Amino acid sequence: MKKILFFGGKGGVGKTTSSCSCAYYFSNNNLKTLLISTDPAHSVGDLLNVKLDSSIKKIKENLYGLEIDPQTERDKYINRIKSNISKTISPVILKEIQRQLDAASISPGSEESAIFDKLIEIIIEESNNFDRIVFDTAPTGHTLRLMSLPELLESWLETLIKKRKKALKLNNMASNLEKKDIDDPIINILQKRKDKLIKARTILIDNNLASFVFVLNPEKLPILETKKSIEIMKKYNMNIENIVINKILPKDSNSDFLNKRREIQDKYLDEIEVTFKNINLIKIPLLDRDIDSEYIKEISNYFSF
Ligand SMILES: Nc1ncnc2c1ncn2[C@@H]1O[C@H](COP(=O)(O)OP(=O)(O)OP(=O)(O)O)[C@@H](O)[C@H]1O
Ligand SMILES: [Mg+2]
């Protein structure tokens, strides 16, 4: 069993329900667990009836929770970059850069990179304090982007570093300066970020610490999307050892309608068994009411690793 689990999948399939139940399962088995929500909708706190925020709170014996607020993290992230840069750049250029950073802060992707920064910080700081770290993520697209960020950002940072080095070299040549080792504050900042991303990848993939759990319902589209997502994750060498099949209808009910739906589900359940044959399948029935903290305990019994 991997130490860090990310729960992902299409909207509404049961990611929050499953990640909370799984965290309950771990904590009930004497594993000190940290449950983290990276979903802007923040339903972990609502579901467990606890008020969570950016600091770690105890939920129950062996279970702790934390919510990452994308907007707050994004603002902190941009301010951190601003203050780093202000120490190193002349005031005239600084104003322009700050203007560009403000524009960047509302551009797509800035929240994801801020969440990713926070996520890595938590993993680096907390992985020794917990036996398990469980992440509830937002719907698939967003999560996949989060996972591919280290690679994307790394190559982007590498390009920036190269450009900066080239500019400095030209500058030095123009002013006849002999400088073998470039000690440039901007390069240092970029290099530091790159190192952090490499560390993130090492933790997530190379050390074999993390695994991704896909949640789906026995229906056509979630199966197709999960198949596609798993292919993408494999490209990034991410581990996928478990799939949660949620909202499975009861068998042999008194209702023809339900029986008919269950027949359709059976076909998809078979398809799931075949399509994901090397992956552990965790099956959760559709319960007869909305999920609350009592039901989370019940659903946690369906988990076994
Ligand atoms: N096994 C189940 N039985 C009955 N209702 C369920 C079950 N699993 C989830 N639900 C209900 O389905 C809805 C969606 O569940 P949940 O919030 O866990 O999904 P999600 O994938 O996290 O959604 P989102 O993509 O919006 O974050 C909720 O109303 C929840 O109560
Ligand atoms: Mg959710």
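1. The lining of the second largest pocket divides by class into 6 nonpolar, 6 polar and 5 charged residues, where Ala, Val, Leu, Ile, Met, Phe, Trp, Tyr, Cys and Pro count as nonpolar, Asp, Glu, Lys and Arg as charged, and the others, Gly among them, as polar. About 350 Å³ of space lies in this pocket, and of its 17 lining residues Gly 12, Gly 14, Thr 17, Lys 247 and Ile 291 are the closest to its centre.

2. This is a predicted model, in which local features need pLDDT of at least 70 and side-chain atom pairs count only at pLDDT 80 or more, while totals for chains, interfaces and linings use all residues. Residues are numbered from 1 along each chain as its sequence is written, chains are lettered from A and ligands numbered from 1 in the order in which they are written, and side-chain values use heavy atoms, with hydrogens and water left out.

3. Helix H1 (15-28), helix H2 (43-48) and strand S7 (242-248) are the elements that give two or more residues to the lining of the second largest pocket, and H1 gives the most, with 3 residues. Helices (H or I, at least four residues) and strands (E, at least two) are DSSP runs, numbered from the N terminus. A pocket is an open set of points on a 1 Å grid over the protein atoms alone, with protein on both sides within 12 Å along at least five of seven lines; a cavity is a set where a 1.4 Å probe fits but cannot get out, and lining residues have an atom within 4 Å of a point.

4. The whole structure holds 4 cavities of 30 Å³ or more, a volume being the space filled by probe spheres set on the points, which are joined across faces, edges and corners. The largest cavity has about 40 Å³ of space and is lined by 10 residues, with Gly 9, Lys 10, Val 215, Pro 222 and Thr 226 nearest its centre. Helix H8 (220-235) and strand S6 (210-216) each supply at least two residues of that lining, H8 giving the most, with 4 residues.

5. Ile 115, found in helix H5 (residues 110-126), is buried, with a relative accessible area of 0% (buried means under 20%, exposed over 50%, partly exposed in between, with a 1.4 Å probe and protein chains only). Its C-alpha atom is separated by 9.6 Å from that of Asp 39, although Ile 115 and Asp 39 are 76 residues apart along the chain.
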